[in-house]
Amino acid sequence: MIKDLFHTKKPTLSFEVFPPKKDSDFHTAYDTLDALSRLNPDFISVTYGAGGSKSKKTLEIASYIQNTLHIEALAHLTCVGSQKEDILSIAGQLEEHHISQVLALRGDRPKDMSDEQFASREFSYASDLIAFLKKETNLQCAGACYPEKHFECFSRETDLANLKLKQEAGAVFFISQLFFDNDFFYDFMERAEKKGINIPICAGIMPVTTANQLGTTVSLSGSSIPKAFSDMVATYGENPEDMRKAGIDYAIRQILDLKANGVSGIHLYTMNKSKMAAEIVKNII
């Protein structure tokens, strides 16, 4: 089990991948997974579409990781648009494929979900999903955490209180949202410890290798952009190859600093780019 790895290895190394949008691209996804497996990650997480739109693809990818590559798979599971019977059905499918660990998330509100449906949803928060899975299934749950607080939360203290609820509900470790300033993460870890949050926390790192990532993935995360990062984009953003090298170097320096400060784990948001992941791993081990 993933939670046991934190007692034997520090830091753990893990990757996030996402299922392809088109079934015809699955062969490429498997090639990516094969390449990532050669980097010897401790586990690989697989993202999940809002409202369950990609749940079958998540299952297929996670099953390949667990049963063919023999690497611990962590399947993302969201609940914002789900009923209890939906969650139990998915949990049953996961267990049939020998997948016993999930990253339990509320998930983004689907665009077609009305205000009334959102207000009356069966699972209000990820902590509700974690408690339900702990009671009704044999799945072990990880949870998400936010070094700079969740963008919907009005204060860092409230965000930490919500994180504590996830731990109390049964989460066995956390994976952080991406961040670009390690000081935010260290401050968050200090505050979490004072709050009584004592399960392992993996630092989520996303290499930014193209300038347009700032307008898509990064902006959606709500993460702050430090001056060193914005200067990097301003300097290299119009040269794709230089930007790629600079983004990888920035992530490497982040990770080396995190390792030097004793983090429990490094979780690399690979964006399904195995070559990029290999370049980073080569420089951090």
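This briefing covers helix packing, cysteines, selected residues and backbone features of one structure. The model is predicted. Two helix pairs are described, α8 with α11 and α6 with α7. By the distance rule applied here, the number of disulfides is zero.

**Helix α8 with helix α11**

- Helix α8 covers residues 182-194 and helix α11 covers residues 240-260; their axes come within 10 Å and cross at roughly 30°.
- Angles under 35 degrees count as roughly parallel, and α8 and α11 are therefore roughly parallel to each other.
- The crossing in which α8 passes α11 is right-handed.
- On the α8 side, the residues that meet α11 are Asn 182, Phe 185 and Tyr 186. Their partners in α11 are Gln 254, Asp 257 and Leu 258.
- By class, the residues in the contact of α8 with α11 are three nonpolar, two polar and one charged.

**Helix α6 with helix α7**

- Helix α6 (residues 126-136) packs with helix α7 (residues 156-169) at an angle of about 5°, and the axes are 8 Å apart.
- That angle makes α6 roughly parallel to α7.
- From α6, the contact takes in Ala 126, Ser 127, Ile 130, Ala 131 and Lys 134. From α7, Leu 165, Lys 166 and Ala 169 take part.
- The contact of α6 with α7 consists of five nonpolar, one polar and two charged residues.
- Asp 128 is also placed in helix α6. With a relative accessibility of 31%, Asp 128 counts as partly exposed.
- Asp 128 and Lys 166 are 38 residues apart in sequence, and their C-alpha atoms are 8.2 Å apart in space.

**Cysteines**

- A disulfide requires a pair of cysteine sulfur atoms within 2.5 Å, and the count by this rule is zero.
- Cys 79 is in no disulfide, and the nearest cysteine sulfur to it belongs to Cys 141, 10 Å away. The relative accessible area of Cys 79 is 0%, and Cys 79 is buried.
- Cys 202 is likewise in no disulfide. For Cys 202, the nearest cysteine sulfur is that of Cys 145, at 8.7 Å. Cys 202 is buried, also with a relative accessible area of 0%.

- Thr 32 is located in helix α2, which spans residues 26-37. Its relative accessible area is 10%; buried means under 20%, so Thr 32 is buried.
- Apart from neighbours within four places in sequence, Thr 32 is in contact with Asn 272 and Ser 274.
- Thr 32 and Lys 275 are 243 residues apart along the chain, while their C-alpha atoms are separated by 8.8 Å.
- Gln 66 is part of helix α3, which spans residues 55-68. With a relative accessible area of 16%, Gln 66 is buried.
- Leaving aside neighbours within four places in sequence, the residues in contact with Gln 66 are Ile 71, Glu 72, Ala 73, His 98 and Ile 99.

**Backbone features in loops**

- Pro 11 sits in the loop between α1 (2-8) and β1 (12-17).
- Asn 40 has a phi near 60°, a positive value in a residue other than glycine. The loop that holds Asn 40 runs between α2 and β2 (43-46).
- Asn 40 has a relative accessible area of 59%; exposed means over 50%, so Asn 40 is exposed.
- His 70 is a residue other than glycine with a positive phi, near 60°. The place of His 70 is the loop between α3 and β3 (72-78).
- At a relative accessible area of 63%, His 70 is exposed.

Key
Residues are numbered from 1 along each chain as its sequence is written. This is a predicted model: local features need pLDDT of at least 70, side-chain atom pairs count only at pLDDT 80 or more; totals for chains, interfaces and linings use all residues. Side-chain values use heavy atoms; hydrogens and water are left out. Axes are lines fitted to C-alpha atoms, for helices over the stretch in contact, and angles run from 0 to 180 degrees between N-to-C directions. Helices (H or I, at least four residues) and strands (E, at least two) are DSSP runs, numbered from the N terminus. Angles under 35 degrees count as roughly parallel, over 145 as roughly antiparallel, 65 to 115 as roughly perpendicular and the rest as oblique. A crossing is left-handed if the near helix is turned anticlockwise from the far one by less than a right angle, and right-handed if clockwise. Contact means heavy atoms within 4.5 Å. Ala, Val, Leu, Ile, Met, Phe, Trp, Tyr, Cys and Pro count as nonpolar, Asp, Glu, Lys and Arg as charged, and the others, Gly among them, as polar. Buried means under 20% relative accessible area, exposed over 50%, partly exposed in between (1.4 Å probe, protein chains only).
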